[in-house]
Amino acid sequence: MLRASNLRRSLRRSLNPIKTPSTTAAPSTPRPFCTVPSPPPTSSADSELRKYIGYTILAAVCGAATYYSFPFPENAKHKKAQLFRYAPLPADLHTVSNWSGTHEVQTHTFIQPETLFELEAVVKKCNDKKQKIRPVGSGLSPNGIGLTRSGMVNLALMDRVLEVDEKNKRVRVQAGIRVQQLVDGIKQYGLTLQNFASIREQQIGGIVQVGAHGTGARLPPIDEQVISMKLVTPSKGIIEISKEKDPELFYLARCGLGGLGVVAEVTLQCVERMELVEHTYVSNMNEIKKNHKKLLSENKHVKYLYIPYTDTVVIVTCNPLSKWKGPPKHKPKYTPEEATQHVRDLYQESLKTYRKEVVTSKEDEPDINELSFTELRDKLIAMDPLDKEHIAKVNKAEAEYWRKSEGFRVGWSDEILGFDCGGQQWVSETCFPAGTLSKPSMNDLEYIEKLMQIIEKENLPAPAPIEQRWSARSKSLMSPAYSSSEDDIFSWVGIIMYLPTSDARERKNITEEFFHYRRLTQEKLWDQYSAYEHWAKIEVPKDKDELVALQARLRKRFPVDAYNEARKELDPNRILSNNILEKLFPITQTVQ
């Protein structure tokens with residue numbers, strides 16, 4: 001703007017010669033008309049004009065050169081104009097985020113070896129250079145436990161079934177194989193995994209290292225299925241460990257959070273492939289209290305789904321299909337479309353309140369008859385995710401959906417034991433002791449009752465479901481379900497808040513509300529019930545005092561000193577570590 005105004009002033013000077021004021025005090029008189037030409041412009045005005053004419057010519061030449069050097073594509077005139085575009089990222093810069101989009105990093109080092117020996121060479125080279133290569137799996141952990149911008153190694157290309165021992169029902173696999181790949185690969189041998197988490201996309205190495213679990217009070221977390229492992233360590237190269245070979249390290253590293261070595265191969269104890277009968281029905285807390293012990297002891301798999309602001313509890317049990325009885329002869333009372341209709345009705349009603357402009361123009365609105373229940377729920381929550389009254393209405397519609405979805409389902413265990421978790425979300429899941437199978441403490445139900453009281457007292461916009469599952473104990477020292485007593489059982493309770501929007505401000509507000517929700521449960525429940533968060537869902541506090549308190553709390557439950565000693569021995573340069581491990585288990589911390 002400054003340069004343009006100077007140019008205009010210069011042109012005016014050249015067209016209108018500068019008038020010098022009279023040196024006399026007498027008033028000026030009109031200059032008589034004459035044929036004598038006006039004096040030429042001053043030399044300074046002339047040079048100013050030439051300078052800006054030169055600038056104009058230079059700009060035109062540069063523009064022409066740019067146009068012909070980098071021509072627009074033929075369809076450019078049909079594209080919408082953009083205010084700006086980000087410059088393209090460097091070719092070697094990888095953006096890695098977790099599934100929920102809550103944690104993301106960019107790194108120049110993202111290595112995917114294809115063989116065990118290539119992995120060993122990579123780890124050795126990075127250790128020599130002190131270059132971090134944090135092991136990362138499928139990126140499904142809500143807290144991004146495998147992420148670091150300093151560098152990562154991913155075993156997605158090491159995904160083969162290496163050996164099947166049909167007699168002993170054992171399989172040896174590369175750790176990058178995904179759960180569904182593994183199940184598909186061994187079903188021809190009549191084998192499957194003992195238990196499953198909610199989804200099937202995890203890599204085996206990752207699901208074991210974070211202590212993931214399924215449900216069933218007689219069934220341990222998934223790390224207990226591991227018979228032996230091959231680790232690639234920075235200081236010792238490839239080592240194989242089992243309960244026979246270095247049992248102390250084996251039980252420490254089996255749930256090792258990726259900090260003791262890159263898990264390269266895993267031998268798993270499997271079971272015979274079987275069909276299960278899933279029974280879904282609606283109950284309430286009073287009825288559950290009467291039957292809780294029976295439900296835990298008589299069902300191979302059982303979970304409860306609680307729906308805040310209602311008295312509805314959804315019970316889901318799964319048991320092997322009886323060869324004598326056959327599948328249950330039960331006809332559902334409602335079709336899937338009828339079960340979802342109540343949710344569709346609420347969606348249409350809510351559109352009138354929250355999105356009037358959409359009601360008048362439905363061109364961009366999807367056909368709600370084609371949406372699943374979880375997709376409808378996400379759309380409903382997205383309208384007003386932090387309004388307690390709106391969320392309560394959505395929860396009541398969900399309760400009605402489950403009431404009309406009661407019934408039985410028969411299928412193979414890997415098909416039945418999954419769960420549609422819905423869209424992107426924040427999750428906090430805690431694990432705590434619940435007595436024994438023969439004598440449940442009932443702390444698990446008491447925990448839920450107090451959690452519901454917190455939600456209602458604080459008017460939290462808590463969506464459904466709050467999922468409660470159980471497992472037997474684990475012998476892995478770093479597992480939240482570790483116990484030296486064989487009969488102990490543990491309860492796992494997960495709270496959530498969905499992130500059904502891509503709007504950064506809305507996601508920030510939901511995140512703040514979720515951490516308020518989580519903090520209330522932490523302050524009022526965790527210590528009382530000896531509850532500890534799932535390793536894939538624990539979030540590192542930003543407050544220094546809170547972090548110190550968390551470090552001290554973890555020391556009470558887990559063998560932190562033994563874990564850190566193993567880290568120093570196997571990974572002295574901490575190339576497998578990241579911010580989460582460094583904050584939770586500071587290596588400089590001394591034994592108290």
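Let's start with the open sheet of eight strands, paired antiparallel, in the order E16-E13-E15-E14-E18-E19-E17-E20. Strands here are DSSP runs of at least two residues (E), helices are runs of at least four (H or I), and both are numbered from the N terminus. Two strands pair if DSSP finds at least two bridges between them. In general, strands of a sheet pair through backbone hydrogen bonds, either parallel or antiparallel.

A word on the model. It is a predicted one, where local features need pLDDT of at least 70 and side-chain atom pairs count only at pLDDT 80 or more, while totals for chains, interfaces and linings use all residues. Residues are numbered from 1 along each chain as its sequence is written, and side-chain values use heavy atoms, with hydrogens and water left out.

Look at Thr430: its bridge partner in E20 is Glu533.

Helix H14 (residues 504–529) lies across E17, E18 (466–472), E19 (488–498) and E20. H14 runs at about 160° to E19. Axes are lines fitted to C-alpha atoms, for helices over the stretch in contact, and angles run from 0 to 180 degrees between N-to-C directions.

Next, a sheet of three strands. This one is open too, in the order E3-E5-E4, and the pairing is parallel. At the edges stand E3 (110–111) and E4 (134–135), each with a single partner strand, so one side of each has no neighbour in the sheet. Two bridges join E3 to E5 (residues 152–153). Ile111 stands opposite Val153 in E5.

E9 (residues 226–233) and E10 (residues 237–242) pair in the antiparallel sense over six bridges. Find Lys230; its bridge partner in E10 is Glu240.

Now the helices. H8 (residues 336–354) and H10 (residues 373–383) pack at an angle of about 25°, with their axes 10 Å apart. That makes H8 roughly parallel to H10. The cut-offs: under 35 degrees is roughly parallel, over 145 roughly antiparallel, 65 to 115 roughly perpendicular, and the rest oblique. H8 passes H10 in a left-handed crossing. Left-handed means the near helix is turned anticlockwise from the far one by less than a right angle; right-handed means clockwise.

What makes the contact between H8 and H10? From H8, the residues include Thr340, Val343 and Tyr347; from H10, they include Phe373, Leu376 and Met383. Contact means heavy atoms within 4.5 Å. The residues of this contact divide into nine nonpolar, two polar and two charged. For those classes, Ala, Val, Leu, Ile, Met, Phe, Trp, Tyr, Cys and Pro count as nonpolar, Asp, Glu, Lys and Arg as charged, and the others, Gly among them, as polar.

H10 also meets H11 (residues 388–403), and their axes come within 9 Å and cross at roughly 165°. H10 and H11 are therefore roughly antiparallel to each other. Their crossing is right-handed. Among the residues that meet are Phe373 and Arg377 in H10, and His390 and Tyr401 in H11. Here the contact divides into seven nonpolar, one polar and two charged.

Last, some loop residues. Is Ser198 buried or exposed? Ser198 is buried, with a relative accessible area of 13%. The cut-offs are under 20% for buried, over 50% for exposed, and partly exposed in between (1.4 Å probe, protein chains only). Ser198 lies in the loop between E8 (191–192) and H5 (204–209). Not counting residues up to four places away in sequence, Ser198 touches Gly418, Phe419, Cys421, Glu467 and Arg469.

Ser141 sits in the loop between E4 and E5. At 18% relative accessibility, Ser141 counts as buried. Beyond neighbours within four places in sequence, Ser141 is in contact with Asn98 and Ala536.

Finally, Gln424, in the loop between H12 (413–416) and E17. Gln424 is partly exposed, at 29% relative accessible area. Gln424 and Gly101 are 323 residues apart in sequence, yet 7.3 Å apart in space, C-alpha to C-alpha.
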